[in-house]
Amino acid sequence: MERLSLEEELKTNPYPGRGVVIGKSEDGVFAVTAYFIMGRSVNSRNRVFVPDGEGIRTKAFDPAKLSDPSLVIYAPVRVLGNQTIVTNGDQTDTIYEYIERNMTFEQALQARTFEPDAPNYTPRISGILQVEAGSFQYKMSILKSRYGNPDSCCRYTFSYENPAAGEGHFIHTYQGDGDPLPSFEGEPKRVGISGSIDAFAGSVWGSLNEENKVSLFVRYINIATGACETRIINKNQ
């Protein structure tokens, strides 16, 4: 698979929706993850990311404008021991609870399906990073309808062991804008990862469509020590 420019993938797509990136920094020191949200409606755009323990939560920027919290208010990032869970919905909690009971990422996602937002049936995208004793591996998943059929769920999981420095994988909810919105297709895209946490966060944020972008989370986890740095950027200030 050709290695793509994450920046170009974002700049050329006005509406990738929500996206998860996981990979390794250029110097091989850090496990890297990013999660962004975009929005077309007032309800979707009326959000910010806020810290929540070791993770984050979405919050209404203006509570008076929150019309339906069901698919927009959730914890995209939670941490359980040496595992960091990153998703685009409340399946974060499902994965956390299953792993806490010594079950697997895959088993947790068998209990979930795509979002009930007809006619889009937005895919649920999920990732999990495991950093332990100087090693790093990750998994990514997408649950999507079969070509818009709400009676059929396609489940795909991708595992990446000993990832290469300076690259990662990117998965997002939509191929682009549309009505209904077309679901992501194929396996996660192989993309380059470069720069410090601030440079990387700035590059991702600057590449997202100005009108549609809402919030961005980026975390760098030191693979040797487990120490992490986090950046949160919100359009609503």
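Helices and strands here are DSSP runs, numbered from the N terminus. With that in hand, we can find our way around this structure, which is a predicted model.

N162 is found between β9 and β10. The phi angle of N162 is positive, at about 45 degrees, although N162 is not a glycine. Is N162 buried or exposed? N162 counts as exposed because its relative accessible area is 66%, and the cut-off for that label is over 50%.

Another loop, the one between β8 and β9, holds Y147. Here too phi is positive in a residue other than glycine, with a value near 55 degrees. Y147 has a relative accessibility of 78%, so Y147 is exposed as well.

Look at P119, in the loop between α4 (105-110) and β7. The bond that leads from A118 into P119 is cis, and its omega is near 5 degrees. Then move on to P180, which sits in the loop between β10 (167-172) and β11 (189-192). The bond from D179 to P180 is cis too, again with omega near 5 degrees.

Now let us go inside. In soluble globular proteins, nonpolar side chains tend to be buried together. In this model, the largest nonpolar core has 25 residues, and V20, Y35 and F136 are those with the most contacts inside it. Which strands each supply at least two residues of this core? They are β1 (19-24), β2 (30-38), β7 (124-132), β8 (135-146), β9 (149-161) and β12 (213-222). The largest share, 4 residues, comes from β8. A second, separate core has 22 residues, including Y15, V191, I197 and V218.

Leaving out residues up to four places away in sequence, V20 touches A34, Y35, V86, I125, M140, H169, F170 and I171.

Next, turn to helix α5. The buried residues of α5 are I197, F200, A201, V204, W205 and S207. What do they pack against? Their partners are α1 (6-11), β1, β2, β12 and β13 (228-234). S207 belongs to α5, which covers residues 197-207. With a relative accessibility of 5%, S207 counts as buried, because the label applies under 20%. Beyond its neighbours within four places in sequence, S207 is in contact with E7, L10 and K11.

For a contrast, find D52 in strand β3 (residues 47-52). D52 is partly exposed, since its relative accessible area is 35%. Along the chain, D52 and V77 are 25 residues apart, while their C-alpha atoms are separated by 8.7 Å.

What about the cysteines? A disulfide is a covalent bond between the sulfur atoms of two cysteines. How many disulfides are there in this model? The count comes to 0. C154 shows the reasoning: the closest cysteine sulfur to its own is in C153, 6.6 Å away, which is too far for a bond, because a disulfide needs the two sulfurs within 2.5 Å. C154 is buried, with a relative accessible area of 8%, whereas C228 is partly exposed at 44%.

Finally, let us look for empty space. Rolling a probe the size of a water molecule over the atoms shows where empty space is left. The largest pocket has a volume of about 390 Å³. Its lining is made up of 19 residues, and those that lie nearest the centre are R18, S41, S44, V72 and D117. Sorted by class, this lining has 6 nonpolar, 7 polar and 6 charged residues.

The second largest pocket holds about 320 Å³ of space. It is lined by 18 residues, and here Y147 returns: together with K144, S145, S183 and E185, Y147 lies nearest the centre of this pocket. Strands β8 and β9 each supply at least two residues of the lining. By class, the lining of this second pocket has 9 nonpolar, 5 polar and 4 charged residues.

Definitions and conventions:
Residues are numbered from 1 along each chain as its sequence is written. This is a predicted model: local features need pLDDT of at least 70, side-chain atom pairs count only at pLDDT 80 or more; totals for chains, interfaces and linings use all residues. Side-chain values use heavy atoms; hydrogens and water are left out. Buried means under 20% relative accessible area, exposed over 50%, partly exposed in between (1.4 Å probe, protein chains only). Contact means heavy atoms within 4.5 Å. A nonpolar core is a set of buried Ala, Val, Leu, Ile, Met, Phe, Trp, Tyr and Cys residues joined through side-chain atoms within 4.5 Å. On a 1 Å grid over the protein atoms alone, a cavity is a set of points where a 1.4 Å probe fits but cannot get out, and a pocket is an open set with protein on both sides within 12 Å along at least five of seven lines; lining residues have an atom within 4 Å of a point. Grid points are joined across faces, edges and corners, and a volume is the space filled by probe spheres set on the points. Ala, Val, Leu, Ile, Met, Phe, Trp, Tyr, Cys and Pro count as nonpolar, Asp, Glu, Lys and Arg as charged, and the others, Gly among them, as polar.
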